[in-house]
Amino acid sequence: MKTESHQPDTLLIAGPCSAETEQQVLATAKAIQKYFPSAVYRAGIWKPRTRPNAFEGIGEEGLPWLQKVKAETGMLIATEVANAHHVEACLKHGIDILWIGARTTVNPFSVQEIASALKGCDIPVMIKNPVNAELALWLGAIERIELAGIKNIKAIHRGSHSSEKMAFRNDPCWELAIELKMRMPQLPIICDPSHICGSRELIPYIAQRALDLGMDGLMIESHIAPSKAWSDAQQQLVPDELYEVMLNLEVKRVQGKDSVKGLELEKLRIAINKTDGELLQLLFQRMDIAEKIGTYKKRNKMTILQISRWKELLDSRLEIGTAMGLNKPFVKKLYDLIHEESIRKQAEVIHVEEQIV
Ligand code: PEP
Ligand code: MN
């Protein structure tokens with residue numbers, strides 16, 4: 001991807017997690033505008049923080065700073081709203097685009113309050129998926145905004161909370177975005193790699209995956225001095241880094257992107273990728289156990305290759321595998337490979353030359 005300005009299909013929404021000071025808002029905007037003159041500028045004015053005593057946003061005082069960004073750079077300005085008061089303040093200050101955050105989408109009362117405050121306006125609204133990966137809540141929020149008469153609606157995919165330990169802040173749960181696209185094929189979906197990743201290093205990977213899936217844009221947090229940011233310091237990029245990331249993204253034409261058939265294939269590919277990840281994780285665990293067995297054998301002066309155990313193991317795996325419907329020669333080949341690697345691992349532990357086994 002050269003720059004966003006050369007890619008009319010891919011919308012870029014960039015800017016800091018939070019508006020902190022007028023100087024930070026303007027300096028960040030100017031640095032972003034230099035590379036991406038038609039980007040939408042984002043900055044959170046009211047910040048829904050999970051725990052108390054964190055920076056909860058500068059509030060209404062920051063709205064004129066965004067107006068100034070618009071006047072000085074020409075970029076459209078966007079911010080998050082979580083209640084009717086926020087909507088009114090944004091409308092009063094000429095904010096161009098509103099978005100509903102993940103912690104608000106989760107609550108139909110709040111979404112309805114926002115929808116009612118929007119009645120009769122034609123401001124574009126973007127709706128993030130709820131913190132939990134529940135499609136119905138996301139759909140419900142979109143429908144409420146549609147029913148309020150808003151024509152220009154986009155969804156933002158920002159991953160979902162997971163209690164599992166993983167490299168990402170949020171589970172990317174691509175299935176959720178694909179399901180939404182299948183239900184509402186005309187609705188543009190923007191990916192928010194910043195909140196999925198939680199750390200800036202992973203952003204290029206997730207941004208590329210989003211484009212590979214045919215998503216319609218990216219929302220990426222960018223701050224003039226990320227290490228000093230008042231919120232989400234780990235996941236923001238300086239505008240120069242943002243430019244690098246965007247430059248290295250490859251925009252692929254996703255075959256059949258807009259057809260339900262094409263999406264079905266994407267969904268199956270995601271399922272395959274997930275299963276392969278689990279398969280590799282299990283193989284890793286199996287080799288870890290083999291290593292422990294190697295240590296035991298070393299301590300007890302046992303030989304690595306125990307023919308009777310191997311025969312018994314292979315027979316039982318062939319039986320289980322074929323009962324499941326797997327092809328017997330395939331299971332045999334697979335276990336020969338696994339066994340060979342287990343023996344190599346154990347040999348490594350015992351410091352025996354590989355060719356002996
Ligand atoms: C944000 O965009 O800064 C934000 C609070 O995101 P989310 O609603 O996805 O957590
Ligand atoms: Mn943020």
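**Close-up views of a predicted model**

**View 1. Aromatic pairs in the chain.** Five aromatic pairs are counted when ring centres must lie within 6.5 Å. One of them joins Tyr35 and Tyr243. Their rings are stacked, with 4.3 Å from centre to centre and 10 degrees between the planes. The partners come from distant parts of the chain, 208 residues apart. Tyr35 belongs to helix H1 (residues 22–35), and Tyr243 to helix H10 (residues 239–248). The model shown here and in the views below is predicted.

**View 2. Phe36 beside Tyr243.** Tyr243 is partly exposed, because its relative accessibility is 21% and buried means under 20%. Its ring also pairs with that of Phe36. Here the centres are 6.2 Å apart and the planes stand at 55 degrees, so this pair is tilted. Phe36 sits in the loop between H1 and strand E2 (40–42), whereas Tyr243 is in helix H10. The pair therefore ties together parts that are 207 residues apart in sequence. Phe36 is buried, at 0% relative accessibility. Tyr35, Phe36 and Tyr243 make up one aromatic cluster.

**View 3. The buried residues of helix H2.** Helix H2 spans residues 63–73. Leu63, Trp65, Leu66, Val69 and Thr73 are buried in this helix. They lie on the same side of H2, because they cover an arc of only 160 degrees around the axis. What covers these buried residues? The cover includes H1 and E2, along with strand E3 (76–81) and helix H3 (84–92).

**View 4. The manganese site.** Which protein atoms are donors of the manganese ion (ligand 2)? They are Cys17 (SG), His195 (NE2), Glu221 (OE) and Asp232 (OD). These donors lie 2.1 to 2.4 Å from the ion. Along the chain, their spacing reads C-x177-H-x25-E-x10-D.

View 5. His195 and Asp232 are 37 residues apart. His195 lies in helix H8 (residues 193–197). Asp232 lies in the loop between strand E8 (217–221) and H10.

Definitions and conventions:
Residues are numbered from 1 along each chain as its sequence is written. Chains are lettered from A and ligands numbered from 1 in the order in which they are written. This is a predicted model: local features need pLDDT of at least 70, side-chain atom pairs count only at pLDDT 80 or more; totals for chains, interfaces and linings use all residues. Side-chain values use heavy atoms; hydrogens and water are left out. Rings of Phe, Tyr and Trp (its six-membered ring) pair if their centres lie within 6.5 Å; planes under 30 degrees apart count as stacked, over 60 as edge-to-face and the rest as tilted. Helices (H or I, at least four residues) and strands (E, at least two) are DSSP runs, numbered from the N terminus. Buried means under 20% relative accessible area, exposed over 50%, partly exposed in between (1.4 Å probe, protein chains only). The arc is that of the directions from the helix axis to the C-beta atoms. Contact means heavy atoms within 4.5 Å. Donors are N, O and S atoms within 2.8 Å of the metal (3.2 Å for Na, K and Ca); water is not among the atoms, so sites may look incomplete.
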